[in-house]
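Good morning, everyone, and thank you for making the time.

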Amino acid sequence: YETAIGEQRTIVLPDGSQMALNTDTSLSVDYTSAGRQISLHRGEVFFRVAKDAGRPFEVLAGDGAARAVGTAFSVAIKEDEVKVSVLEGTVEVDVPVKSAGPATEVEQVKTLTQGMAIKYWSYGAIAQVEEADTRRINAWRQGKLAFDGMRLIDVVNEHNRYTAHKIVLGSD
């Protein structure tokens, strides 16, 4: 599934789970009798997951995975950063993190509940749990953009994701 720049669409999956794809998003879906797997290639998706304890719902993004059963959450990729935000329920985020030893990876698992978010990077780092920006997520799902306390360059970059008419900042 894909959306173009400025396009948003909602997909209902065979089990009743819903995916709201934000602008410029690409993902693939693999449903089997054993599990439900989404691979997010780029962009941002809001998931409302149908409960099915026997078939885990997993979103692969970057080098990590977010697992949920009957919950609502968002996964966004920006360059090499992935952010998982939970709006309802519980999501387990599993990320291979590089440790100090030579080429050693350790699985870091963080459990997020409503109102929590976490970022991780493809180079093997994970941030501390933070408050989810639910206002921004709910705004884009309603076709709006919400900015609060953001740097101007971040506002411009977010705006430019939604349109071919780009804002360019210059300096004297």
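Predicted model: local features only at pLDDT ≥ 70, side-chain atom pairs only at ≥ 80, totals over all residues.

Let me begin with the cores. The largest nonpolar core has 29 residues, and the members that touch the most others are Met19, Phe47, Phe73, Val75, Val84 and Val93. Several strands give two or more residues to this core, including strand S2 (18-21), strand S4 (36-48), strand S7 (72-78) and strand S9 (90-98). If we take Phe47 and leave aside its neighbours within four places in sequence, we find that Phe47 is in contact with Met19, Phe73 and Val75, among others. There is also another core, lying apart from the largest one, with 7 residues, among them Ala20, Phe46, Leu87 and Ile137.

Now to the arginine. Is arginine 36, with its relative accessible area of 1%, buried or exposed? Arginine 36 lies in strand S4, and it counts as buried because its relative accessible area, 1%, is under 20%. A polar atom of its side chain lies 2.9 Å from the backbone oxygen of alanine 50, and a polar atom of that side chain also lies 2.8 Å from the backbone oxygen of arginine 55.

Finally, the surface. Leu152, Ile153, Ile167 and Leu169 form a nonpolar patch there, with about 340 Å² of accessible area together. Leucine 152, which belongs to helix H2 (residues 152-160), is exposed, with a relative accessible area of 55%.

Technical notes:
Residues numbered from 1 in each chain as written. Heavy atoms only, no water. Patch = residues over 30% accessible without salt bridge, like charges linked within 9 Å, V, L, I, M, F, W, Y side chains within 5 Å. Areas by Shrake-Rupley, 256 points an atom, 1.4 Å probe, with all protein chains shown as cover. Salt bridge = Lys/Arg side-chain N within 4 Å of Asp/Glu carboxyl O. Helix = DSSP H or I, 4+ residues; strand = E, 2+ residues; numbered from the N terminus. Buried < 20%, exposed > 50% of the residue type's maximum accessible area, 1.4 Å probe, protein only. Core = buried A, V, L, I, M, F, W, Y, C linked by side-chain atoms within 4.5 Å. Contact = heavy atoms within 4.5 Å. Polar contact = N/O pair within 3.5 Å; in protein donor to acceptor, adjacent residues only side chain to side chain.
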